[in-house]
Amino acid sequence: MMNEDIELKDPVLPLGRPTLGSAGETGDWRTYRPKFIEENCIKCYKCWLSCPEGTIRVDAHGEYPYIDYIYCKGCGICVHVCPGRKKQKALEMIPE
Amino acid sequence: MCSCLSRKEEAESLGNDSRVEVKEMVQSLEKPQTKLMTGAEAVATAAKLSRPQVIAAYPITPQTKIVETLSGMVARGEMDTEYINVESEHSAMGAVIGASLAGTRTFTATSSHGLLYMGELVWWAGMTRIPVVMPVVNRSLNPWNIWPDHQDAMAFRDAGWIQFYAKNNQEVLDLTICAFKIAEHHKIWMPVMVCLDGFILSHTSAQVEIPSQAIVDAFLPPFEPLAMLDPDNPFAHGSLTDSEGIWEQRMSLIDGFNNARVLIPQILKEYTDKIGRLGDYLIEVTGNIEEAECAIMALGTLGEEAEQTVEFLSEKNIKTVVFRLRVFRPFPRKELISLIKRVPRLLVIDRAVSFGNAGQLAIEIQAELFAHKVDVLFYQKIMGLGGMDVTYADIAVEVENILKEE
Amino acid sequence: MMTEIRIVSRGGQGGVTGAKMLAYAGHLDGKFVQAIPKYGAERKGAPIYADVRISDEHVKTHAPVITENTHSWIVLEPSLVQTIPLKKLSPDTLIIVNSQSFPESLKSDEKLKIGKVDAVKIARECGLIKSGTEMVSTIMLGAWVKATSLVSLDSLKEAVKHQFGEGALTDANIRSIELAYSQFEFKE
């Protein structure tokens with residue numbers, strides 16, 4: 001039986017480990033940004049739940065949401081889902 | 001998992017009444033036994049001895065008695081296995097992939113149309129390196145039928161799976177146990193198909209020597225995952241990646257098959273040393289190669305049928321030799337060329353066709369002959385499609401025709 | 001030496017199971033054996049055959065038996081005699097038919113060895129009836145053992161026990177084998 005004299009390489013497995021900003025700083029893709037208006041926020045956290053990139057954080061004290069503009073792509077979903085207070089949304093899109 | 005030792009201890013700790021019965025059980029675990037069984041039952045027995053932790057399978061035609069036998073073993077408590085009865089082959093492979101990533105030894109079985117239906121996930125398992133073992137009972141494809149040929153497995157020769165073709169029920173059992181060790185070797189880490197001819201092996205009873213559980217346990221240690229899903233250390237498996245990522249994985253798969261080419265004979269040798277019979281070769285040679293006027297090459301049972309042809313023709317004073325490829329993926333190029341160089345004529349028999357060209361085995365051998373500038377008279381023949389009977393006498397006629405032509 | 005046997009039956013008569021039992025009996029006698037069924041899906045009532053090889057050496061061939069090489073034909077239903085290619089058979093090939101009398105087509109034959117046993121009568125005597133059909137396959141095996149002595153009667157009984165387990169069914173089958181063993185007769 002012949003054996004090739006080769007180095008036995010380890011397999012490369014297709015594993016994706018979660019990292020911060022694996023596609024780069026996606027904040028620079030933005031043309032509009034969500035602006036937060038604190039007095040209209042009812043702390044329902046729908047924006048936090050809906051953000052496709054997880055760029056909206058809620059701090060440990062359960063206070064107002066906070067947007068990480070380094071990674072926010074400006075998609076506007078948070079603005080769309082925001083119920084606001086008395087029909088006044090707590091988020092609105094403004095030009096960059 | 002219970003080992004044989006713990007059963008022995010269990011036996012010793014029991015009262016006198018049950019001692020005789022348990023003693024018999026311990027003996028049956030330690031000694032090899034020869035039993036009459038079909039190929040399907042041989043696969044199931046091998047799977048049982050290999051202690052898979054998860055089996056997922058779809059039980060309806062073209063499925064064979066493999067999963068019926070295994071589900072019975074699980075139901076009777078003879079196996080410590082999670083058996084998932086799924087609604088299709090596609091789901092069977094899906095369940096097995098998930099279970100493998102959760103860190104378990106996995107097993108499923110399929111055949112013909114079942115394999116086609118499983119197709120997408122067969123490729124998924126191959127391309128993303130899931131070390132599952134799956135016997136494929138080779139049966140013809142459309143129109144609806146149940147007869148043997150290699151068309152189903154050949155349709156998946158490029159899917160990144162190691163492919164073995166067994167020649168008899170004994171080899172089915174031996175290769176299935178080896179398949180787990182090969183699939184789970186950390187330098188190989190890829191799925192393995194053990195192909196057995198439908199009806200000719202799967203439904204035919206013949207004698208099989210069954211190794212004891214203790215000796216199989218000594219050969220095949222528990223599953224050791226290379227990567228395992230873990231909520232505390234999360235990862236996504238096979239998620240969307242860029243071209244460079246795919247390229248890296250494909251190159252790694254090519255390396256993996258090169259590793260397998262080196263490691264498979266070593267694992268087969270270890271099996272032979274510890275358990276017996278099998279032999280470490282990738283290509284089995286039967287007959288006198290130095291005297292042979294013509295070599296016959298085939299896969300699966302046609303290989304053993306050709307061994308009978310060698311005896312049959314030697315009575316007519318025609319010298320032949322059989323090269324039976326036991327493993328088709330990785331393709332054992334070097335061994336093949338060194339053998340073919342020593343014979344004047346070569347007849348390659350295929351039990352499948354790549355329509356628009358020729359039999360897959362013939363195509364691949366021709367490529368090697370060209371690459372290595374081997375001077376041999378090459379003949380090819382397609383036989384036994386759709387379960388047409390091929391006897392040793394039929395193969396002998398082909399050889400005699402070749403010799404007559406000149 | 002290799003003995004090749006073909007069992008000819010109708011789907012549901014137990015021909016395939018019979019082949020398995022015969023192979024198992026050979027296995028118990030220390031021979032190398034093969035039991036090859038050849039059937040399609042859902043074939044109740046259709047003519048089917050199953051082959052058995054009993055050999056002193058490991059059997060390499062996997063194909064069905066070649067007609068010319070067949071040692072014996074066990075025919076579970078008299079009308080199936082017409083499916084046997086009589087002209088192709090080698091001299092002294094054994095044909096055992098389940099029949100009250102020797103079939104017309106075989107009466108004038110000089111070349112072959114012909115035997116018969118009234119398996120239907122024995123099956124009724126022993127209560128081997130399932131879904132209105134007499135189960136004759138073990139009975140025919142008993143006759144074959146009498147005719148050839150190629151496996152032992154004890155091994156055949158053991159094989160029946162292995163197939164059906166302990167119980168009334170096994171007892172009835174074993175009784176039927178013994179009756180077939182004593183009632184089998186060759187054509188003069």
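Arg157(B) and Glu364(B) join their side chains in a salt bridge, N to O at 2.6 Å. The term covers a side-chain nitrogen of Lys or Arg within 4 Å of a carboxyl oxygen of Asp or Glu. This is a predicted model, where local features need pLDDT of at least 70, side-chain atom pairs count only at pLDDT 80 or more, and totals for chains, interfaces and linings use all residues. Residues are numbered from 1 along each chain as its sequence is written, chains are lettered from A in the order in which they are written, and side-chain values use heavy atoms, without hydrogens and water.

Chain B splits into domain 1 (31-274) and domain 2 (283-405), with bounds from an automatic or database domain assignment. The interface of these two domains is tabulated here.

| Domain 1 to domain 2, chain B | Value |
|---|---|
| C-alpha centres apart | 27 Å |
| Buried area | about 2300 Å² |
| Salt bridges | seven |
| Polar contacts (both at pLDDT 80 or more) | 17 residue pairs |

Buried area is the accessible area (1.4 Å probe) that two parts lose on being put together, summed over both. Carbon and sulfur atoms give 53% of it. Arg157(B), Lys167(B) and Arg261(B) supply 30% of what domain 1 buries against domain 2, more than any other three residues.

Contact (heavy atoms within 4.5 Å) links 27 residues of domain 1 with 26 of domain 2. A polar contact is a pair of N or O atoms within 3.5 Å; within protein, one must be able to donate a hydrogen and the other to accept it, and residues adjacent in sequence count only if both atoms are side-chain atoms. There are 17 such residue pairs between the domains.
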